[in-house]
Amino acid sequence: MVRKRVNPLKKKEAQIAYLFLLPTLVGFTIFVIGPMIASIFISLYKWDILSSPQFVAFKNYLHLLKDIRLLTCYSNTFRFVVLAVSINIMCALLIAVAINAKMHGTLRGFYRSAVFLPVMVSAAAVSVVWFFLLDTDFGVVNYYLLKLGLRKIPWLTSSRYSLWSIVLVDVWKTLGFNVVLFSAGLQNIPRHLYEAALIDGANRWHSFRYITIPMLSPTLFFAIVWALIGAFQVFDYPFIMTQGGPGDSSRTIVLYLYEHGFRFFSMGYASTVALSLFIIILLLTLLQLKFSERWVFYG
Amino acid sequence: MERLRGAVLLITVVVLSVVTVCLLGSIAVGKDIVKLRFVYLGSAADIKIWKDLADMFHAKHPDIIVDVQAVPATTWAEYFDKIATMIAGGSPPDLARIAIEGVQLCATKGLMMPIDDYIARDKEELQEFFDDVHPALIQAFRYEGKTYMLPIEWNNMVIFYNIKIFEKNGIPRPPRDWTKDDFLEIAKKLTQDFDGDGKIDQYGFEIPIQYFAGAMPWIFNAGATFLTPDWKKPLVNDPNCVDAVQFMRDLIWEYRVAPPAPATLDPLYAHFSSGQIAMMGGGRWPVLQFVNAGMYDFDIQLWPKWRDQVTEFGVGGVAIMQATKNPDAAWEFVKFTTSKESITYWTKLGWCVPARRSIAYSEAMYELPPKHAELYYDSLDNARPVPSPPQYNQVENIFLRYLGEVLANERSAKEAMDLCQKELEAVMQ
């Protein structure tokens, strides 16, 4: 048996590294791991925060399986995730490619900060502003729609549009993050690849499809995983703009669990719903990791 | 090494001095001065009122400091939850402003302390207060034989109207006994398209998807009670209640005198202040909103008569929390909030309707519009509190979900209220 010998210097370095990681690890344990484990236990209890918890075993889970509104909220969330993530990634990619085109550095800086600006504003503030912009009769958006000869749209007051409106605001708010991510990725693609393709007679579409996309795929992959996780947890926009309505049409799963935990004082059931969401996000992320081997290219 | 030693020395000195100051401070505070933590639902906008009250109180009781803390929340349910979280987290407030919506909820959860013993003790001192306050307000804070608060402020639902729009269209001030048909007639007249582009520029009315401030006044005047009078069972699919919900839907979709219903009240303040809607419902709290927006040309009238003409009201006070270690000091603050001095102070600022009759009819009420401010207190003789059972937080949520569907014209009033009834029955059993 051969024992790996550890270089004493390396060992010391590793110790120092752990020391530096300690603050983050402590924070992560207290604020993320701790509550996660706690919520597993809480999901087995009936607990209203004030009185002592009552053990109910799997009653919350049984209720979860019979909850029809949970299904509606999950279906809203899935629709939101698919719409928001796909529109977000596609638009961000287009804008990033456009910004990456030949232009003056100042102009590029301007465009980049313009799309990035909404990312830095708090989601609550964004929601309040959009709430007024999307007002059916007196909102700015419908004002321009009418000017263009189109019909006004009941953005937030009809179940046909409420979810779309939330997608719209979410995309507007988070687009900039991906644009910056993609432009960084684009700048890392060596120019000579495009030049070689040009000599081989490739047109613009070919170089985009066969050079840009594969070379950008690690960034794309990261962006998609990140956007998916964020989209599953969407809360602020429906909470402020529609309160989940009309009816349940824009109630997302996190809004639903918030209502159970923090409005109806049923922490047990809220934890159960949270765990179900955790499992879904975990499974989806694992699936993506698995499929990523097929399309992500780590040059 | 030299520098390190210097740093250590400096840190030691700083730590020691901080500790000393803290110790001295705690001795000073701990001995004679009682510190009370007071929370209220609100934002930075109204913290001035409470801070000033705390200062006024401190001037009278130098041994008690009231530390005011705003708890931002959009609904009472959310606010009570935050208080519950503070208690569970080990830093319970001593005092909290609580409205009727939370009385039964907080009482059944054991958050509030009954104050009957204190009232009995200070009976003579309080007699003048009880004589000055309408019994309906005092009754609202009793639950299962116990008293939890003394009313200091309240709001009922009246119709606000834009005086200028009324005058421009030659509509006189409606009388007290105007009916819902009169109301509809006026709303139709005031729904106008100024430039003929097919887009309405001014609506007669607007309805928020709200419980107290949206649906309940219509439900009460339609002759329904929403819950049984003891608030034990739901009655939302009662034909009169369905009628009321249907009427609200019709205002938007049939008569088209109101824009699509928003989920909160904020758009209504903005629309009314800028003349985009001619009428809206509210208590006295919108006055401050309008005045801050530079809008002074408004007046009020009672909610229009239908099968009945009752006034829906909600009332608030300051509760002593069960968790307090200084109930005696807290009680002193509660008594102060019921004093003429404190109520007069905020009445002038246009916050709520004062619980004291003598102030509700005094000059203090007329420093700001509306001109007919006497309507508020007059209406109490035929008033009914907003239905606030212990399950209030769930009842509100369920009802608003169905009301939202009806007002979005996506479910019939009858079907929605039948489903709502079923869900409420499950929650309230």
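Guide: The model shown here is predicted. Helix α9 of chain A covers residues 204-232, and its axis comes within 9 Å of that of α7(A), crossing at roughly 150 degrees. At that angle α7(A) is roughly antiparallel to α9(A), because angles over 145 degrees count as such. The crossing of these two helices is right-handed.

Helix α7(A) has a second contact to look at, this time with α4(A). Helix α4 spans residues 105-120 of chain A and helix α7 spans residues 162-187; their axes come within 5 Å and cross at roughly 140 degrees. The two helices are therefore oblique to each other. Their crossing is left-handed, whereas that of α7(A) and α9(A) is right-handed. On the α4(A) side the contact is made by R108(A), R112(A), V115(A), F116(A), P118(A) and V119(A). On the α7(A) side it is made by W172(A), K173(A), T174(A), G176(A), F177(A), V179(A), V180(A), S183(A) and Q187(A). By class, this contact of α4(A) with α7(A) has eight nonpolar, four polar and three charged residues.

Read from the N terminus, the elements of chain A run α-β-β-α-α-α-α-α-α-α-α-α-α-α. Taken along the principal axes, the C-alpha atoms of chain A fill a box of roughly 80 × 75 × 30 Å.

A further helix pair joins α1 (residues 8-42) of chain A to α12 (residues 267-295) of chain A. Their axes are 8 Å apart, and the helices pack at an angle of about 120 degrees. That angle makes α1(A) oblique to α12(A). The crossing of α1(A) and α12(A) is left-handed. Helix α1(A) contributes M36(A), S39(A), I40(A) and I42(A) to the contact, while α12(A) contributes M267(A), G268(A), S271(A), L275(A) and F278(A). In this contact of α1(A) with α12(A), six residues are nonpolar, three are polar and none is charged.

Between the helices there are loops, and the one between α10 (236-241) and α11 (253-262) of chain A holds P246(A). The peptide bond that joins G245(A) and P246(A) is cis, with omega about -5 degrees. Q243(A) is also placed in the loop between α10 and α11 of chain A. Phi of Q243(A) is near 55 degrees, a positive value in a residue other than glycine.

Chain A also meets chain B. In this interface, 30 residues of chain A are in contact with 37 residues of chain B. The area buried between the two chains is about 2700 Å², and carbon and sulfur atoms give 61% of it. Within chain A, L50(A), F138(A) and R263(A) lose the most area to chain B, together 24% of what that side buries. Two salt bridges are found across the interface of chain A and chain B. R401(B) forms a salt bridge with D248(A), and the closest N and O atoms of that pair are 3.9 Å apart.

Over all chains, the whole structure has 27 salt bridges. One of them lies within chain B, where the side chains of E341(B) and K60(B) meet with 2.6 Å from N to O. E341(B) lies in helix α15 (residues 340-349) of chain B and K60(B) in helix α2 (residues 47-60) of chain B, so the pair ties together parts that are 281 residues apart in sequence.

Chain B has a cis peptide bond too, running from P369(B) to P370(B), with omega near 5 degrees. P370(B) is found in the loop between α16 (357-360) and α17 (374-378) of chain B.

Terms used: Residues numbered from 1 in each chain as written. Chains lettered and ligands numbered in written order. Predicted model: local features only at pLDDT ≥ 70, side-chain atom pairs only at ≥ 80, totals over all residues. Heavy atoms only, no water. Axes fitted to C-alpha atoms, helices over the stretch in contact; angles between N-to-C directions. Helix = DSSP H or I, 4+ residues; strand = E, 2+ residues; numbered from the N terminus. Parallel < 35°, antiparallel > 145°, perpendicular 65-115°, else oblique. Left-handed = near helix turned anticlockwise from the far one by under 90°. Contact = heavy atoms within 4.5 Å. Nonpolar A, V, L, I, M, F, W, Y, C, P; charged D, E, K, R; others polar. Buried area = accessible area lost by both parts, 1.4 Å probe. Salt bridge = Lys/Arg side-chain N within 4 Å of Asp/Glu carboxyl O.
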